[in-house]
Structure formats: C-alpha cells, structure tokens
Amino acid sequence: MRALRIGMRRGWAEHMHLLRNRRELIGTLIGAVGFFALMLLWMGDRPVKGTDVSNATFMTAGFLAFTVFSNGLMTLPLSLVTDREEGALLRLRAVPGGIPAYLTGRAVTVLCQIALQSALLVATAVLVGGVAPPRDWLTLAWVLVLGTVAVVPLGAAIGCLLPSSKSGAGMVALPMMLLLVPSGVMFPVTAMPEAIQWVAQAFPLYWQGLGLRAAFLPDSMLVAEIAGSWRLPYVAAVLGAWTVAGMLLAPGLIRRMTRRESGSRLAERQLATQAA
C-alpha cells in the first residue's frame with residue numbers, strides 16, 4: 001500500500017510536469033488534438049458513405065479509441081525502456097518497494113494523459129466539428145476505463161521485451177499503424193474483406209472503437225457494423241480477457257527484466273550509445 005501511494009503521487013507529479021513543460025505539452029497533447037481538429041475541418045462535414053452520419057462523429061469515436069490504444073501500447077512501453085536504459089530501474093531495484101511504486105506511477109501518468117486527451121478530443125469534436133455530445137455517457141465511461149485497463153498491463157509487458165528505445169519505437173509503431181486501417185477506426189470495418197474483419201476482431205483496438213461508436217453513433221449506423229449490432233457484452237468480455245492476459249503476463253516479464261539489470265549491462269548500453 002505504501003508503494004501504491006508513492007506511485008500515485010509520482011504519477012500525478014509527472015503528469016503535472018507534462019502540463020508545465022510547453023514542449024512536451026505541444027508534442028503529446030496539443031499536437032494530437034490539433035491534427036484531429038484539422039481532420040474535422042477538412043472532411044468532417046461529409047457524411048459517411050451510405051448514411052446520414054457525418055465523418056466528424058465517426059472519427060471522434062475512432063480517435064478516442066486510438067488515443068487509448070497508442071498511449072497504452074506505445075507511450076508506456078517506450079517510457080519503460082527509456083528509464084531502463086538510463087539506469088532508473090536499476091537504482092529503484094535497491095529501494096524497498098521501488099519497482100512497484102515506479103510501475104504504479106507510470107500507469108497513473110498514462111491514465112491521466114488518456115483522460116486529458118479524451119476530454120480535449122470530445123471538446124474539439126463538439127466545438128470544431130459540430131459533433132453532438134455522446135448519446136450514452138455511461139457506455140463512453142466504461143469503455144474508456146476498461147479499454148485503458150486492457151492495454152496498460154500489456155504495454156508494460158511489451159516495454160520489458162523491447163531491446164532499446166530507438167529500435168523499439170519502430171517495432172511498436174509499425175504494427176499499430178497496420179492495425180489502424182482494418183480496425184474500423186477511420187472507416188466502417190464492413191468495407192474490408194471478411195478475412196481482415198476476423199483478424200481485426202482479435203485485437204483490442206477494434207473492440208474499443210466499437211464500444212465508443214455505440215456511445216456516439218445512432219442505431220442507424222448498425223448497418224455498417226459486423227452482425228448489425230453494437231455487441232456491447234462482447235466488447236466487455238474481450239477487453240476483460242485482454243486485461244486478464246496483460247495482468248498475468250506483465251508481472252513475470254517485469255520481474256525478469258529487473259533481475260537481469262546490473263551495473264555492467266547499464267555500462268555496456270551507455271558505451272554502445274556513445275559509440276553510435
């Protein structure tokens with residue numbers, strides 16, 4: 001409990017540091033929201049093909065889903081591997097409760113960033129794109145929370161496996177971009193071949209997007225969904241399964257990573273970095 005309290009304070013402090021750092025704020029928050037605003041101005045007023053729903057409304061649900069997904073599976077892993085390379089994890093290993101407090105802090109920081117970005121995206125959609133507020137706030141809330149919990153432990157596990165921050169960025173970003181198209185985030189998934197639809201449903205991004213579309217879109221858009229239904233029980237079940245998988249996988253990988261850390265390994269990485 002003490003490590004949990006320390007981690008929560010650390011995570012909140014890092015989040016506040018982000019808000020005070022103009023460069024990081026522009027890069028991580030305002031940059032994403034600004035890109036979303038440009039997309040709304042460019043093509044937001046057009047209707048989704050075959051429907052009377054605007055692209056702005058459809059894109060809002062998609063951008064929210066991708067915000068959760070990318071923060072959990074890219075921002076968190078890269079932060080973890082960067083701290084490992086800089087020796088932060090090695091130093092924390094010598095502190096009682098240091099590693100649990102660190103991981104709690106990282107998770108809290110990611111949760112705060114997701115919450116802030118989600119609020120800014122919704123506000124931008126309403127003010128810039130003329131999108132109506134979510135028709136189901138309860139669904140919006142539980143999908144965002146469960147979707148976040150589903151990817152944060154998985155992101156920690158991925159961070160334990162990345163060899164370095166430089167190579168890790170490409171290793172994580174490429175699969176995420178490949179998943180972006182078939183997951184129904186940018187346009188209806190039913191426009192894809194059936195085989196790709198089955199592949200998309202194996203990953204949490206599709207289910208996060210489906211749940212968020214249920215919160216924003218009218219039932220008339222069900223014609224563009226698989227099985228003609230929002231399938232909210234399946235959304236909860238699949239995201240819950242990914243949560244359990246991440247919870248089971250991450251602790252063992254984190255223990256393995258921290259046990260392997262040593263002063264000699266840290267020195268080798270630093271020398272390799274200087275030589276490069």
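**Entry 1**

I looked up D83 and found it buried, with a relative accessible area of 9%; buried means under 20%, exposed over 50%, and partly exposed in between, for a 1.4 Å probe and protein chains only. I note that this is a predicted model, in which local features need pLDDT of at least 70 and side-chain atom pairs count only at pLDDT 80 or more, while totals for chains, interfaces and linings use all residues. Residues are numbered from 1 along each chain as its sequence is written, and side-chain values use heavy atoms, with hydrogens and water left out.

I then examined the salt bridge of D83 with R106, in which the closest N and O atoms are 2.6 Å apart. A salt bridge here is a side-chain nitrogen of Lys or Arg within 4 Å of a carboxyl oxygen of Asp or Glu. R106 lies in helix α5 and D83 in helix α3, so the pair ties together parts that are 23 residues apart in sequence. Helices are DSSP runs of H or I with at least four residues, strands are runs of E with at least two, and both are numbered from the N terminus. R106 is also buried, at 16% relative accessible area.

**Entry 2: Further salt bridges**

I searched the whole structure and recorded five salt bridges. In one of them, the side chains of E14 and R106 meet at 3.4 Å, N to O. E14 belongs to helix α1 (residues 2-20) and R106 to helix α5, so this pair links parts 92 residues apart in sequence. E14 counts as partly exposed, with 22% relative accessibility.

I also found a salt bridge between the side chains of R135 and D219 (3.0 Å, N to O). R135 lies in the loop between α5 and α6 (137-161) and D219 in the loop between α9 and α10, so the pair ties together parts that are 84 residues apart in sequence. R135 is partly exposed, with a relative accessible area of 44%, and D219 is partly exposed at 46%. Salt bridges that share partners join R10, E14, D83 and R106 into one network.

**Entry 3: Helix α3**

Of the 31 residues of α3, 26 are buried, so the helix is largely enclosed by the rest of the structure. Just after α3, G87 takes a positive phi of about 90°.

**Entry 4: Positive phi in a loop**

Most residues other than glycine have a negative phi. I therefore looked up A227, which has a positive phi of about 65° although it is not a glycine. A227 lies in the loop between α9 (204-216) and α10 (232-260) and counts as exposed at 65% relative accessibility. R231, in the loop between α9 and α10, has a positive phi near 50° and is buried at 14%.

**Entry 5: Annotated regions**

I consulted the unreviewed UniProt entry, which lists several residue ranges as "transmembrane region", including 169-189 and 232-254; such annotations may be inferred rather than shown by experiment. Residues 169-189 are 57% helix and 0% strand, with end C-alpha atoms 27 Å apart. Residues 232-254 are 100% helix and 0% strand, with end C-alpha atoms 32 Å apart.
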